[in-house]
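Thanks for making time this morning. I would like to walk through a surface feature and then a few backbone details, so please keep the structure in view as I go.

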Amino acid sequence: MIRTITQGFKAGFFKQTAIAPLIMFRIIFGAMLLFSSVRFIMKGWVETQYIEPQFFFGYLGFEWIKPLQGNLMYIPFVLMAIAALFIMLGFFYRISTFVFFVCFTYIELIDKSNYLNHYYFLSLMSFLMMLVPAHRDFSIDAKLFPSIRRKETAAWHIGILKFQLAVVYIFAGLAKINADWLFEAQPLRTWLQAHHNIPYVGGILKAEITAYFFSWMGCLYDLFIVFFLLNKRTRPLAYLAVIFFHIVTWLLFPIGVFPWVMIFSTTIFFSAQFHQQLLNGLKRVFKWSENIPETIKNMPTPNPFVKYGIILYITFQILVPIRFLAYPGHLFWNEEGFRFSWRVMLMHKEGHATFYVTDKASGRTIEVNNTDYLTIRQEDQMMTQPDMILQFAKMLKKEYDGKTFSNKEQSITLHDPAVHAEVFVALNGRNSQLFIDKKHDLTALPYNLKHRDWIEPFEK
């Protein structure tokens, strides 16, 4: 049986198929990366998110990754824009995809308060594009080195991109199968109320039935859209649904370029004939010469490292989103296993956190002004995420250790201070409730992947 499965895997993933979908995806993906990189610079976000902040919330194990000093931080963004342009044109393709992946992932690892699902998606897709030969036709590389030109490629080069898109949609749909989303229409009910003043449709959007309709349709869409895109009979209507769904979410919610990324990325599901027609049209416009070497007739023997690498990657992408099952408690409350799991627009949390630095010897306590150390965005993210609260507390310990404070009566120098926090959080329209009790010295708590039993239990 194992041999049969292995042979089927080889036949399915390593058979030769038309390369046109891969070439078109390279052009589309490169254009999206170029637009996103330039947009980030033009919006001034390099300044506000990577130059102005004093403190950064690094990911566990990656705290050593720091931003470049001052305006040097623009360097990786400029490199990304150049690399994206080269990816689109297929110029030094392998180097360009490597440069983009390294720069983009470096930027994302600097501060988890900037985490977005589509940033993670782009990092994964740029990694995959680094591995596939999307430059073997209609590229500057193919013009400079005609010997690399091919009409066909291994099926897994295209299949792995489809798989990654399927993971995003299907896990996003599975995540929506929860009581808040389906039976309370939260957080959509809260968010849609903010659009009550839109002319003509404001009354419809604030209606409770609208929130329930969007919740259920969103769940069904995410769960099944990939299967409809894979079926050639339903594909045209499914793609219209993709366009409609993502444009509506783009108009109603502040989720950046994610809808457009998904609209253009899902074109990979269209047939090879469809992509070949588009590619032929581009070739006619640019007078591209069809001087391609004879197609390889015999299927090349798959490299065992490639086979096992694909299996490992697929396994990783399936296990990471379900790692939350290893933790007790309410996922949206504790957020243990929440990131990197494609839980898109599933919760609305508001928090209020007050931190206190206490000298252990005298008992004197100083209340901290969070904005002295954090940007508004960082504080907003930190106040509802336990790991970031813990990181901030440990930063405050370093900041206040050894400092002297004076008033009219006395002066005191803090040595090995304790840091406590009183945090209240409201989840998905509920009343605010205690999240972290002031009794805990947060500096004494470990920062790791274990369950955080110091978080107050969620009261439904």
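Let me begin with the nonpolar surface patch of about 930 Å², which is made by F183, F213, W216, M217, L220, F224, F227, F228 and L230. A patch here joins residues with over 30% relative accessible area and no salt bridge, with nonpolar side chains (Val, Leu, Ile, Met, Phe, Trp, Tyr) joined within 5 Å and like charges within 9 Å; a salt bridge is a side-chain nitrogen of Lys or Arg within 4 Å of a carboxyl oxygen of Asp or Glu. The areas come from the Shrake-Rupley method with a 1.4 Å probe, and for residues only the protein chains shown count as cover.

This is a predicted model, in which local features need pLDDT of at least 70 and side-chain atom pairs count only at pLDDT 80 or more, while totals for chains, interfaces and linings use all residues. Residues are numbered from 1 along each chain as its sequence is written, and side-chain values use heavy atoms, leaving out hydrogens and water.

The largest share of the patch, eight residues, comes from helix α12, residues 208-230, where helices (H or I, at least four residues) and strands (E, at least two) are DSSP runs numbered from the N terminus. W216 sits in that helix, α12, and counts as partly exposed because its relative accessibility is 37%, the classes being buried under 20%, exposed over 50% and partly exposed in between.

Turning to the backbone, the peptide bond from Q186 to P187 is cis, with omega near 10°, and P187 lies in the loop between α9 (179-183) and α10 (188-193).

Finally, W342, although not a glycine, has a positive phi of about 60°, and W342 counts as buried because its relative accessibility is 0%.

How values were computed. Buried means under 20% relative accessible area, exposed over 50%, partly exposed in between (1.4 Å probe, protein chains only).
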